[in-house]
Amino acid sequence: MRKIAVVGRGTAGSLAAASVSRLHPDSDCELHHIYDSRIPIIGVGEGSWPSLVQELHRLTNLPRDTVQQRLKGTRKYGVAFEGWGQRGQDFIHHFMPKNESYAYHLAADRLVDLLHEGTRARHIDAKVLDIARVEGGAEVKFEGRAPQRYDLVFDARGFPEELKSDRHIDISFIPTNTAVIRRCPALIEEPDGPVLRHTYTRAAARPHGWIFIIPLTVHTSYGYIFNRDVSDLDDVQSDFDAFLESDGVSEFEQRAVIPFPNFVHRQIYDGAIARIGNAAAFMEPLEATAIVSAQLQIGMVLHMRLNRPAECHENDAPVINRFLVNNMLCYGLFVGWHYSCGSSHDSEFWRHARDRAWAQHRKAAAPEAVDCDALGKFEKMIELINRPVIDKEDLSRMCGVPLTSYTQMSRGLGC
């Protein structure tokens, strides 16, 4: 661990570089933060989980209120679902303890800038052609530069160009694959201090999918999440226009149309290369799993490498990898389950989501196909929430998220 590289300058890469700078006990450790400045950072609004509040305080040594203001953020106390499930009633998935635990709504580009301020690294602006494991570490190959060898490489280069069955687990039971991102005027005026009011990420069910609404102090981020194989983009844009009009939004900036895969990499960590963020796994942003996943991936790899003897690393790697793959699939099953009871819209998309996509989850997540037992853990959670009484020893169970999240969503969706 004398020489470490982080490849990628998005949220995951910036978290990794800041974590190495803050947590590595040896100031002589050489950290290279490698990224191609020609690749822009899409400054969308993002949600998070409460773990990020403590993490950013620890990484920056700044007060929480200062961090929130620097992120142009608001305090997220949960997700407000509109029109989801078979009951047709709006409900909130609260962080627990209710009305006490909060996360951030944040501007992603501001988060990257904040993390870079405290990062001790040599910055290399170059295009990376390949990252490969070699004897004793990993090698990064560049365009127009000599290759470099490292003891550990965090690969945060984003989505794979295509999914391959031998490398990736296709989370086919999540029925969306595209996002239309718009930036709209701020709903909350920026005060002199941090915004203390309770805010929620809104998730509004629509005929072609659903729309997220994330309130920041500089703008409001809207995103229409849909399936481009089921719905035409023009129809989605038209329904997006109608929703914004009903929401009282008269102007917007079209930011991007982003296709995405729902997947988990089979080899998140191999002992020398740690895939993190969207290079490791991705699922649609319904429950804001992207940042918390990156936190877990970075934290587990660094904890193992900094606290375990070197002779244990080879045996530790497959254990860490299996844990991370299992946890990412648990997130995927939790998100996909949200579609199992349909919505207030009896549309082609929602019929596809409920009757075709979710119907594949047992086959797609079968232990023999994914080499872990995420499906068994998920089915245990469903069995628990259907009991008339839950035993005390089961209250702390997790399957990606805690049992309290499953019980809230079950009641709200009417499952």
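Analyst: Happy to! A cavity here is a set of points, on a 1 Å grid over the protein atoms alone, where a 1.4 Å probe fits but cannot get out, and lining residues have an atom within 4 Å of a point. Keep in mind that this is a predicted model: local features need pLDDT of at least 70, side-chain atom pairs count only at pLDDT 80 or more, and totals for chains, interfaces and linings use all residues. Residues are numbered from 1 along each chain as its sequence is written, and side-chain values use heavy atoms, with hydrogens and water left out.

About 70 Å³ of space lies in this largest cavity, where a volume is the space filled by probe spheres set on the grid points. Helix α6 (289-307) and strand β20 (281-282) each supply at least two residues of its lining, and α6 gives the largest share, three residues. Helices (H or I, at least four residues) and strands (E, at least two) are DSSP runs, numbered from the N terminus. By class, the lining of the largest cavity has five nonpolar, four polar and no charged residues; Ala, Val, Leu, Ile, Met, Phe, Trp, Tyr, Cys and Pro count as nonpolar, Asp, Glu, Lys and Arg as charged, and the others, Gly among them, as polar.

The whole structure holds three cavities of 30 Å³ or more.

Now to the packing. The largest nonpolar core has 104 residues, and L56, W84, F154, V264, L329 and Y406 touch the most other members. Such a core is a set of buried Ala, Val, Leu, Ile, Met, Phe, Trp, Tyr and Cys residues joined through side-chain atoms within 4.5 Å, and buried means under 20% relative accessible area (1.4 Å probe, protein chains only). Helix α7 (residues 313-337) gives the most to this core, with twelve residues. Leaving aside neighbours within four places in sequence, Y406 is in contact (heavy atoms within 4.5 Å) with residues including C330, F334, W337 and F378. A second, separate core of 14 residues includes I34, I131, Y150 and A272.

How values were computed. Buried means under 20% relative accessible area, exposed over 50%, partly exposed in between (1.4 Å probe, protein chains only). On a 1 Å grid over the protein atoms alone, a cavity is a set of points where a 1.4 Å probe fits but cannot get out, and a pocket is an open set with protein on both sides within 12 Å along at least five of seven lines; lining residues have an atom within 4 Å of a point.
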